[in-house]
Amino acid sequence: MFSMKNKGLIFVSALSVQSSIYMLLCTVGIGIGTTTMALGGIFYGENDKSSLESLLSLSVKYALLIITIIAVILIIFAPEFVRLFGKNPAVFSTAIRGVRIFAFSLPLSALSYIFMNFYNATQKLKYSNYIGFGHSFIFLVVPAIVGAYLIGGDGIWISFVLSEIFTLIGLFLL
């Protein structure tokens with residue numbers, strides 16, 4: 001039905017839609033992470049360990065609550081979100097599937113941002129840099145390449161979820 005070139009263009013268009021939705025929705029996790037860094041830096045400078053622990057606990061709790069609700073809404077209303085960014089029928093079903101799979105990565109992504117900013121605020125730059133590099137590059141690119149080879153476009157969508165899982169597992173191991 002579609003040539004390989006057209007399939008590639010459809011996937012790139014769907015990825016653009018997913019990326020636009022991500023930029024819209026990830027602001028919550030980034031915002032909580034940035035607030036965690038600002039307050040964490042103050043508490044760290046004051047050597048207030050109990051406030052640091054409380055800050056991290058509250059940040060994780062509220063980020064997971066808010067982002068999980070957003071992810072569920074995104075899964076349910078994926079067609080409506082996709083329609084905001086275009087009406088190309090060839091791209092529509094691919095973009096919806098990608099957005100729904102991607103939604104599962106949002107709560108984990110929020111955790112990555114919180115931990116990255118928390119470690120940055122507490123001068124644990126090795127951990128912060130690990131999260132930034134793992135989350136945005138190595139744990140995203142390798143699963144995307146392998147996934148695309150093994151199962152096609154869905155492998156790339158799944159790589160977003162795997163990136164977050166691998167980053168957090170690696171952080172736990174560190």
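The conversation below goes through the overall fold, the helices, the surface and the salt bridges.

Q: What sort of model is this, and what is the mean pLDDT of the protein?
A: This is a predicted model. The mean pLDDT of the protein is 89, and 97% of its residues reach 70 or more.

Q: Which elements have the lowest and the highest mean pLDDT?
A: Helix 1, residues 4-25, has the lowest mean pLDDT of the elements, at 78. The highest, 95, belongs to helix 3, which covers residues 49-76.

Q: How should one treat places where pLDDT is low?
A: Where pLDDT is low, the predicted coordinates should not be read in detail.

Q: How many helices and strands are there?
A: There are eight helices and zero strands. Along the sequence, the pattern therefore reads α-α-α-α-α-α-α-α, with helices defined as DSSP runs.

Q: And what box do the C-alpha atoms fill?
A: Taken along the principal axes, the box is roughly 65 × 30 × 15 Å.

Q: How much of the protein is buried?
A: Of the 174 residues in the protein, 42% are buried.

Q: Let us turn to helix 8. What span should it have, and what does the model show?
A: Helix 8 runs over residues 153-173, which is 21 residues. At 1.5 Å a residue it should span 30 Å, and its end C-alpha atoms are 30 Å apart, so the two values agree.

Q: Where is the kink in helix 8 centred?
A: The kink is centred on Ser159 and amounts to about 30°. Ser159 is also one of the buried residues of helix 8.

Q: Which others in helix 8 are buried?
A: Among them are Gly155, Trp157, Phe160, Val161, Glu164 and Leu168.

Q: Now the surface. Which residues form the nonpolar patch?
A: The patch includes Phe133, Phe137, Ile138, Val141, Tyr149 and Ile158. Together, the residues of the patch have about 1,100 Å² of accessible area.

Q: Which helix gives the largest share of that patch?
A: Helix 7, residues 125-151, contributes ten residues, the largest share.

Q: Is Phe133 buried, partly exposed or exposed, and why?
A: Phe133 is found in helix 7. Its relative accessibility is 48%, so Phe133 counts as partly exposed.

Q: What about Phe139?
A: Phe139 also has its place in helix 7. Its relative accessible area is 22%, so Phe139 is partly exposed.

Q: How far apart are the C-alpha atoms of Phe139 and Tyr149?
A: They are separated by 16 Å, and the two residues are ten residues apart along the chain.

Q: Changing topic: how many salt bridges does a search of the whole structure find?
A: The search finds two salt bridges. One is between Arg83 and Glu80, with the closest N and O atoms 3.8 Å apart. In the other, the side chains of Arg97 and Asp154 meet at 2.7 Å, N to O. This pair links distant parts of the chain, with Arg97 in helix 5 and Asp154 in helix 8, 57 residues apart.

Q: Where do Arg83 and Glu80 lie?
A: Both lie in helix 4, residues 78-83, three residues apart, which is about one turn of the helix. In general, an α-helix has 3.6 residues a turn, so residues three or four places apart point the same way.

Q: Which relative accessible areas do Arg97 and Asp154 have?
A: Arg97 is partly exposed at 38%, and Asp154 is partly exposed at 25%.

Methods. Residues numbered from 1 in each chain as written. Predicted model: local features only at pLDDT ≥ 70, side-chain atom pairs only at ≥ 80, totals over all residues. Heavy atoms only, no water. Patch = residues over 30% accessible without salt bridge, like charges linked within 9 Å, V, L, I, M, F, W, Y side chains within 5 Å. Areas by Shrake-Rupley, 256 points an atom, 1.4 Å probe, with all protein chains shown as cover. Salt bridge = Lys/Arg side-chain N within 4 Å of Asp/Glu carboxyl O. Helix = DSSP H or I, 4+ residues; strand = E, 2+ residues; numbered from the N terminus. Buried < 20%, exposed > 50% of the residue type's maximum accessible area, 1.4 Å probe, protein only. Expected span 1.5 Å × (residues − 1). Bend = angle between axes of the 7 residues up to and from the residue. pLDDT = per-residue confidence, 0-100.
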